Amino acid sequence: MSSELRYTANTQLEHLHARYTGTGHADMSKYDWLTHQHRDTLSSIVGHPTLTSYLAIADGEATGRIKFEMTERMLQPCGPPPAKDED
Amino acid sequence: MHLYNLTLQSASATPQAIVGNFSGARQQEIIVSHGTRLELLRPDLQTGKLSTVIATDVFGSIRSLATFRLTGGTKDYAIVGSDSGRIVILDYDPRTSSFVKVHQETFGKSGARRIVPGQYLATDPKGRAVMIGALEKAKLVYILNRDAAANLTISSPLEAHKNAAIIHHIVGLDVGFENPIFAALEVDYTESDQDPTGEAFNNASKVLTYYELDLGLNHVVRKWSEPTDPRANLLVQVPGGQLASSDRFDGPSGVLVCAEDHIIYRHMNATQHRIPIPRRRHPLEDTDRGLIITSAVMHKMKGAFFFLLQSEEGDLYKVTIEHENEDVKAVKIKYFDTVPIASSLCILKSGFLYVASEFGNQQLYQFQKLGDDDNEPEYSSTDYPSYGMADSTQPLPRAYFHPRPLENLALADETESLNPIIDAKVLNLLPNSDTPQIFTANGRGARSTFRTLRHGLDVEETVSSDLPGIPNAVWTTKIKEDDMYDSYIILSFVNGTLVLSIGENIEEVQDSGFLSSAPTLAVQQIGADALLQVHPQGIRHILADRTVNEWRAPAGKTIVAATTNKRQVVVALSSAEIAYFELDLQGQLNEFQDRKAMGSRVLALSVGEVPEGRQRTAYLAVGCEDQTVRIISLDPDNTLEAISLQYVPSPATSICIAEMLDASIDRTSPTMFVNIGLQTGVLMRTVLDPVQGRLVDSRQRFLGTRPVRLIKVQTQGQPAILALSSRTWLNYTHQNLMHFTPLIFETLDYAWSFSAELCPEGLIGITGSVLRIFQIPKLGTKLKQDSIPLSYTPRKMLVHPVNSHFYVIEADYRVLGDDAAAQKVQELRSAGKRIDEEMLNLPPDQFGRAKAPAGTWASCIRVIDAIEGKTVAVVPLDNNEAAFSLAVVPFEARQNELLLVVGTAQETFLAPRSCKSGFLRTYKFLEDGVSIELLHKTETDDVPLSLMAFQGRLVAGIGKALRIYDIGKKKLLRKVENKTFAAAIVTLNTQGSRILVGDMQDSISFAVYKAPENRLLVFADDTQPRWITCSTMVDYTTVAAADRFGNVFVNRLDIKVSDQVDDDPTGAGILHEKGILMGAPHKTSLLAHFHVGDLVTSIHKTSMVAGGRDVLVYTGLHGTIGILVPLVSKEDVDFISTLEQHIRTEQTSLVGRDHLSWRGYYVPVKGVVDGDLCESFARLPVAKQQGIAGELDRTVGEVLKKLEQLRVTASGY
């Protein structure tokens, strides 16, 4: 959850964000948004058997391997986060 | 536009399978998920064959399946995790042969989402609780119990969520009767998301967490959490718990953590044991590559257990655990056998292993032995310091084994599966066929096939023998009523009858009592032990002691038609009279005192079988020359009185009354059908109203060009009808529903059922002077498949426009081509390495090929003669080149000579897509297309993913660029280019000067080639981005296409825009028009949209029946073949869409998915009616059927008739 939200009085919204991982908000950084998008996509690939098969055929791997690699990639799909400005 | 979607062949992929005693009987069954369909399979323990008990569409995507049994119960339930946001418990009801939803609990939104559970399911082995998990964070636990009436109950969910945790797998621990524990493999991403240095990511640990369900306090606690191997991917339950009666432990409990290259035994407060996963010592192996376990199964036997784990190469390993009570002494692994890579493995107690292979056919193996005493090297955790955990960050030394042909398993049965269909063509190529065939490129890697699919039942011929003359009819008969098998074959010739006996040999019988000097009209085993022969001059009643009672036809009259059953005989005389005989209790055949004059020559007669425990059947059907069919009573009260009369369009040549079960008409008892075969080759199927004796609910079907002949036979112990015309059709009941399917066999002149010891449910038929005995092995399958093996994964294919050879391009990623492999072997040899020839020569269709690093390809072009069913030529590609597209182009510059252009690329990487160089290889056809010769190679800057002939030149989609090439002496010459496409061009279609371009991520654009200015301009595109997989033009302004997410849609361009573009000679108008929304100046509008549920890989506009209307035929990756039928009348549209609406509310999905939202998964469904849902009308309870039909102002029969008519006229299936 973003730190900006902590300072808003809208604790209900904060609660909702905690509950529904992946929900965006106005102060979201590009990196956060992209990471969420990628995680959603990756989980969609794992969750739809046809997409897993499609990827497995294209990539010449077993579907089990594709599922594993996609799930692994969810940890950090877009590389490390950008360094925060110190100011 | 309104379309009607019908599935002709449902998906045959098996993403998951579970085993259990679902029917509550002693026998185990298998439930297989086909993605959007559930199927219950039952193995026959004697023959080892699998048969389908039921298969149901669930109208949702099944993501996980689990089985559980309540403590002390005898029946297993299935739990389904799907994309419905609900957990569903299913019970198989053997009485109605259907799945019953016992519980359905909603927990989240629909859709396969990241944090909505449904992906993982784990059950407590004692059946007390179930955990359903999402890919991230969410895990819910439901407690299962029974109430006072012994019904299954389910609790409210208990949360076991962990924020920011990616879940790799969950499994239920075997803890006996202590509190249920679930183990989860999780990774927390909080720190990696915050750390810009990437260190946290590198140090992220995968943890094995135990969640304990405290049954007393009714909540879930995180009991234990320990880091494990960072590349772990799978958990396997290890037996545990203690029997109440003894102190002995079933096993040590805990889990096997399968990780890359290792398997670790883990349990709370227990020593870890780590063993390596043995690898193949393949000379070409990529040593940097790890090996993972992709599926696993544990099997418990009396006092022992073992695991079968399957690696991603397909090798099965047997893992055993030595333990003393709860202490593990050693974990051992050894190679077991190699089977196709499975998505699920199921071991049956009866000694079978079901391999739900991820691609290709599914197999059932029988265990021959358990690999207990063979010479396979075994690796034990005791061989390594500290049980392999001395330094858990370092890998163990690699272990190796030698793959070999099956030793412990033997193949028992194989289920044909089209999965995956990568490309298909629909056309009528085979001789003597009036309907098109579907040619598909299936499979993956070395198990790929090219298949020819024909509509019809496969026929297995057992005997074919020549006869001295041309018989006109054949019968078989038993001698006594209670005989198991037939004893005689009776052949009727123009001037005589031949009787053959069935035994060791088939030989002529002289003393059968049959009259051999006259032709025969009917043969019947009558009464307890008598035989009956009807010939033109009379009826011979042959008693058991060979005395013959003969009834002679009155002088000057002959018998022209006859029908018989076990107790009744009816004959029609040449004087248009009917004589009726009945067997009395003494076994004497008596004629009814009166004869009935029909007033018109009788052509056909039929009586049904005598119902169980009755004296007679009450109805006789008579077909007369005056184009009528009359129903006449045989009831003693009004014998031979006419009951009803039905006019038919042409004289009836054959009639057959049969009582058959059709659940859509009557669920419990068979319906009496009167089938009338007409001279014109049409079959009329009517239902005999049992009360009034009228013929109702008549349906017609065109069978062929010859007059129809109907014969009553038996299939699966149930009555069926064989209808002979220019094609042979079988009308039979399968899974309680009536089917009508042609046989793929030569035209038969006459046929009869044939039952002998070796062929208990066979058929006997005559074609010309050949007698043939055959059987139908696979009832219920509508498509016969003939396959030709391929070397690599097929990518695309096309058929030569003239000589009808197929050209298939095949390419495998991460596999070394033959030349590269040979070179590498040579290098290894010269480096002094010993090469294991045996490993190199392992047949790839069983063992696969050695995996190579990304960027390597093996590829070839294959020429197939589909009529002969064989490969005629293979052209391998070298230099790590892979073929991606092909086209046959008549180059105008070479006097329209047909040339084959194949788009290839060298050193291609998939993500991100790149290649060293692309090529357009131009080949010349030799010897009528049997072989091809390379003319020249043209280099391109990107991968050519699509090629097409266009106005005597070639148009190619090369990466993002659309180009037109003309032929040159040394290479193809680029003429014009357009580079405005978003990602990569994957499909091309053309009509006139219009080119439709399908982009990988950006839907279909309309482009036009303006020859005078040599301009290639895009003038219209779609409003939505779509990931196109295939497309076809429906007409000049309309395109049907499919995307990667399982949608099919139809887009249309405004006719005004179309005309305007065509009227602009130079294209200057389009060139200077302003684009809309950063795209083309015009947009297409969406006409129809539908979510199929399978990834559509090819779509064609073609007609499926001779002279029928054009339909859209599509094939899906998971093996679906379906059609979209345009509805022509407004009336049809109203009717069928109202019907769909009603069924939607009545028939709820088995996984709890809302039908409307399923068919509108990504985009709301538009202009398409789901025929699969409408056809489930036949399976609804009668009251609901009547309710719906009432709402539509129709009868149930009319609704069913309409549905059948839609299917038959569009597809013939």
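**Chain B, overall**

I started with burial: 61% of the 1213 residues in chain B are buried (under 20% relative accessible area; exposed is over 50%, partly exposed in between, with a 1.4 Å probe and protein chains only). This is a predicted model, where local features need pLDDT of at least 70, side-chain atom pairs count only at pLDDT 80 or more, and totals for chains, interfaces and linings use all residues. Housekeeping for my own numbering: residues count from 1 along each chain as its sequence is written, chains are lettered from A and ligands numbered from 1 in the order written, and side-chain values use heavy atoms, with hydrogens and water left out.

Next I looked up the secondary structure of chain B, and got twelve helices and 91 strands (DSSP runs numbered from the N terminus: helices are H or I of at least four residues, strands E of at least two).

Then size. The C-alpha trace spans about 110 × 95 × 65 Å along its principal axes.

I checked contacts too (heavy atoms within 4.5 Å). Of those in chain B between residues at least 6 apart in sequence, 56% join residues at least 24 apart.

For surface, chain B exposes about 46800 Å², with 48% supplied by carbon and sulfur atoms (Shrake-Rupley method, 1.4 Å probe; for residues, only the protein chains shown count as cover).

On charge, I found 120 positive and 143 negative side chains in chain B, with the centres of the two sets 4 Å apart. Lys and Arg count as positive, Asp and Glu as negative, and His and chain ends are not counted; each charge is placed at NZ of Lys, CZ of Arg, CG of Asp or CD of Glu.

**B:Gln785**

I found B:Gln785 in strand β66, residues 783–789. Its relative accessibility is 12%, so B:Gln785 counts as buried. Its side chain makes a polar contact with the side chain of B:Arg451 at 2.5 Å (a pair of N or O atoms within 3.5 Å; within protein, one must be able to donate a hydrogen and the other to accept it, and residues adjacent in sequence count only if both atoms are side-chain atoms). Beyond four places in sequence, B:Gln785 also touches residues including B:Glu416, B:Leu418 and B:Thr452. I noted B:Leu457 as well: 328 residues away in sequence, 9.9 Å away C-alpha to C-alpha.

**B:Arg266**

B:Arg266 sits in strand β21, residues 262–266. At 3% relative accessibility, B:Arg266 counts as buried. I traced its side chain to the backbone oxygen of B:Pro227, at 3.0 Å. Among the other residues B:Arg266 touches are B:Tyr210, B:Trp224, B:Glu226 and B:Gln272.

**B:Thr123**

I placed B:Thr123 in strand β10, residues 120–123. B:Thr123 counts as buried, at 14% relative accessibility. A polar atom of its side chain lies 3.4 Å from the backbone oxygen of B:Thr67. B:Thr123 touches, among others, B:Phe68, B:Ile79, B:Phe182 and B:Gln237.

**Chain A**

Last, I turned to chain A: five helices, zero strands. Of its 87 residues, 46% count as buried. Its accessible surface comes to about 4700 Å², 53% of it from carbon and sulfur atoms. Of the contacts in chain A with a separation of 6 or more, I get 43% from residues 24 or more positions apart.
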